[in-house]
Amino acid sequence: MNVLDIRGLTKKFGEFVAVDNMSLTVREGEVFGFLGANGAGKSTTINMVSSLLRPSSGEIRILDRDITKQSRFAKLNLGIVPQDLAIYEDMTAYENVSFFAGLYGLRGTQLKERTEEALEFVGLCDKAKSLPKNFSGGMKRRLNIACAIAHKPKLIIMDEPTVGIDPQSRNYILTSVRNLNESGCTIIYTSHYMEEVEEICSRIAIVDHGKIIAEGTKEQLKSTITDVKDIRIEVKSALPAAAGALKAIPGVRTVLQEENMIRIHSDAAVDNLNRILKQLLDDGMEIRSVEEQEPNLETVFLTLTGRNLRD
Amino acid sequence: MNILSIAFKEIKQDFRDWRTLIFMLGFPIILMLILGLALTNAFSGDLSVGDLEVVVKDTTGGGPLSEAFAAFTKEAGKSGITFDSLPAGKNGRTEVENNRYVDYVELSGQGISLYGSSRSTIESNIVQGMLTSFADKYNAAAAVAQTEPAQVQAVFAGGAGSDYIKELSIDADRTPGSIDYYALALTVMVGMWAAMPAGGLIQREILRGTAVRLVTAPIRKSEIFAGKVLGGIATSFLCVIVIFVFSKYVFKAYWGEHIGIVLIVLFSEVIMALSLGLAFSYLLKGSASRGIISLIVQLMSFFGGAYFPIGDDSGGGIMGFLVNLSPIRWGNHGLTQVIYGNDVSAAWPAVGLYLGFAILFLGASIAAMRRREGL
């Protein structure tokens with residue numbers, strides 16, 4: 001069964017087309033990774049699914065019902081974990097969860113139980129009576145999740161839920177995502193951390209310029225770039241002009257410089273490593289190490305979009 | 001239910017913001033105390049009806065109204081209120097404008113017309129109250145005359161002749177002192193302060209990121225709007241009540257005999273103020289709206305007489321126009337008549353204006369909200 005069906009979705013802001021005739025399906029029980037660089041159209045799509053924005057055209061169906069025609073049904077089955085914290089700092093953790101759950105029609109004992117359940121799920125039971133303004137960043141992120149799950153939605157959209165938190169809280173959240181998924185929730189997950197997406201997502205879509213440019217399991221996505229090799233060269237100090245000369249070498253598709261690391265995606269069939277190294281040496285760079293890696297999700301993303309996910 | 005839930009959440013959050021609350025309550029109470037004590041001498045403590053001079057023009061050419069009015073002026077004269085006939089060639093309105101009389105009364109075939117002085121509000125209100133009382137009694141007599149002509153005299157003789165004066169309900173021992181004045185003026189000002197937090201009513205949800213949760217919840221935007229408005233009104237009115245109670249029982253300010261009517265006026269003012277702030281926040285997006293609304297409220301307070309009874313000496317011209325434009329003035333003026341003139345009907349124009357503008361501002365806010373995506 002499809003939990004989310006998007007057909008021909010378009011959103012225009014004046015002349016600018018943020019989402020361009022996008023179609024997408026998320027099946028029940030999936031953790032669906034939604035990847036895109038900033039401005040790719042990812043947030044606009046999520047905002048339309050969440051009813052925060054009205055589509056210019058196209059159709060969105062949640063559990064087979066049109067969200068514009070049966071908005072209440074769609075909203076009842078949807079939980080949102082926004083990228084920016086959406087909690088009241090002057091209300092206790094319990095009051096936050098209880099207030100938002102109450103808007104979903106929960107009352108009395110059921111509201112109390114669900115609130116406690118949600119707080120327990122994110123490990124904030126002992127902080128139920130504390131104000132979030134005294135919480136750490138990770139605890140606030142967990143409360144942000146609790147507010148989205150107390151009403152037990154079928155579909156949860158998590159937009160960068162681990163941004164800016166410590167590794168311990170990140171692990172806690174990733175475990176929570178898995179647990180939620182095991183309890184029957186379908187999850188749409190966006191993140192700038194590619195390793196997170198590789199770790200927890202069963203299927204992934206890459207969006208660029210408002211369109212889905214690739215979709216499938218991580219293995220399927222990786223298999224689309226078997227003709228690409230991922231070369232990583234560590235130099236003593238990379239010169240800004242190096243990329244231009246490297247791109248001119250036959251077979252080189254993309255060159256990415258991150259401090260002392262130069263990443264090159266090149267045609268696997270072209271044997272150009274010696275020319276690349278010679279070029280760097282000619283440019284006066286001191287090479288420390290050279291490594292050719294198996295393509296991972298980041299390689300896929302870079303190859304398909306020509307951009308780093310954090311761009 | 002969702003509306004109440006959102007309203008309750010608003011009230012809870014507002015009352016937890018103790019810094020704002022202390023300012024909202026502490027500032028007017030301290031100001032009331034300081035101005036009330038410092039300006040005691042600026043307020044006349046011996047305002048007397050004996051000083052009232054009214055000019056009258058009778059164009060009825062005699063008849064029952066003229067006769068009854070003559071009897072009324074005779075009784076009123078015992079209390080020191082003098083009614084002078086308008087000399088030929090003089091204009092009654094000009095006489096009042098030139099401050100030679102507190103009121104101009106015109107008797108005609110159409111009834112009684114009153115032209116009051118905006119410079120002598122209290123004196124004018126007293127005369128208006130007396131005339132209202134007289135008109136009621138005269139109308140009753142006219143009605144009786146149509147069915148039982150013989151009983152007409154009984155209507156006027158129903159009480160002592162001085163009933164005209166007694167029915168005016170002027171408390172001879174009560175004149176508005178400085179504390180009384182500032183209790184009223186500053187309470188009305190606090191009612192208008194509802195406009196300031198209202199500017200951020202929706203904006204705060206957007207800034208905190210919680211607007212996303214509210215909009216994605218299975219509730220209508222109108223419920224969110226209504227809940228927030230209801231909560232804002234409740235908080236602001238509770239602040240007004242606290243100031244009112246404090247002034248009445250701690251400062252012993254006089255609030256008259258019609259407390260219910262006074263509270264209705266203040267409640268309608270809070271609704272209008274909140275609607276004004278909300279409309280500004282929608283029309284002038286961003287934080288600029290809060291600064292502008294604060295400035296407007298301060299100007300309203302100044303021209304409305306919150307800091308000094310500026311209205312009584314404003315006369316006409318631009319100053320008079322600005323004074324009458326201030327919603328704080330509407331409340332002050334109406335409530336002064338209710339409290340000191342015992343004229344309950346004087347409350348309704350203020351209530352009408354407040355609610356009328358509230359509907360206008362809320363309508364504008366709703367229209368702007370419906371056009372927006374999200375909140």
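**Close-up views of a predicted two-chain model**

View 1. Residues are numbered from 1 along each chain as its sequence is written, chains are lettered from A and ligands numbered from 1 in the order written, and side-chain values use heavy atoms, without hydrogens or water. (Axes are lines fitted to C-alpha atoms, for helices over the stretch in contact, with angles from 0 to 180 degrees between N-to-C directions.) Where do the two helices meet? On the α5(B) side are B:T121, B:I122, B:N125 and B:Q128, and facing them from α16(B) are B:R329, B:H333, B:T336 and B:Q337.

**View 2. Helices α12 and α13 of chain B make another crossing pair.** Residues 221-249 form α12(B) and residues 259-283 form α13(B); their axes come within 9 Å and cross at roughly 135°. That angle is why α12(B) is oblique to α13(B). Among the contact residues (contact means heavy atoms within 4.5 Å) are B:F225, B:V229, B:I233, B:F237 and B:F244 of α12(B), along with B:L263, B:F267, B:V270, B:L274 and B:Y282 of α13(B). Stepping back, chain B as a whole has 17 helices and four strands. (Both are DSSP runs numbered from the N terminus: H or I of at least four residues for helices, E of at least two for strands.)

**View 3. Strand β3 of chain B pairs with both β1 and β4.** Five of the six residues in β3(B), which spans 103-108, are buried, so the strand is largely enclosed by the rest of the structure. (Buried means under 20% relative accessible area, exposed over 50%, and partly exposed in between, using a 1.4 Å probe and protein chains only.) Across the whole of chain B, 49% of its 375 residues count as buried. With β1(B), residues 53-58, the pairing is parallel over five bridges. With β4(B), residues 111-116, it is antiparallel over six bridges, and a hairpin of two residues joins β3(B) to β4(B).

**View 4. Four strands of chain A form an open sheet in the order β2-β1-β4-β5, with antiparallel pairing.** At the edges are β2 (16-27) and β5 (65-66), each pairing on one side only. Strands β1(A), residues 2-13, and β4(A), residues 57-62, share five bridges, with A:D5 partnered by A:R61 in β4(A). Helix α1(A), residues 42-49, packs on the sheet and touches β1, β2 and β4, its direction making about 115° with that of β1(A).

**View 5. A:C201 sits in the loop between α7 (194-200) and β9 (203-208) of chain A.** Is A:C201 buried or exposed? At 3% relative accessibility, it counts as buried. Leaving aside neighbours within four places in sequence, A:C201 is in contact with A:V31, A:F32, A:G33, A:Y189 and A:K218.

Technical notes:
This is a predicted model: local features need pLDDT of at least 70, side-chain atom pairs count only at pLDDT 80 or more; totals for chains, interfaces and linings use all residues. Angles under 35 degrees count as roughly parallel, over 145 as roughly antiparallel, 65 to 115 as roughly perpendicular and the rest as oblique. Two strands pair if DSSP finds at least two bridges between them.
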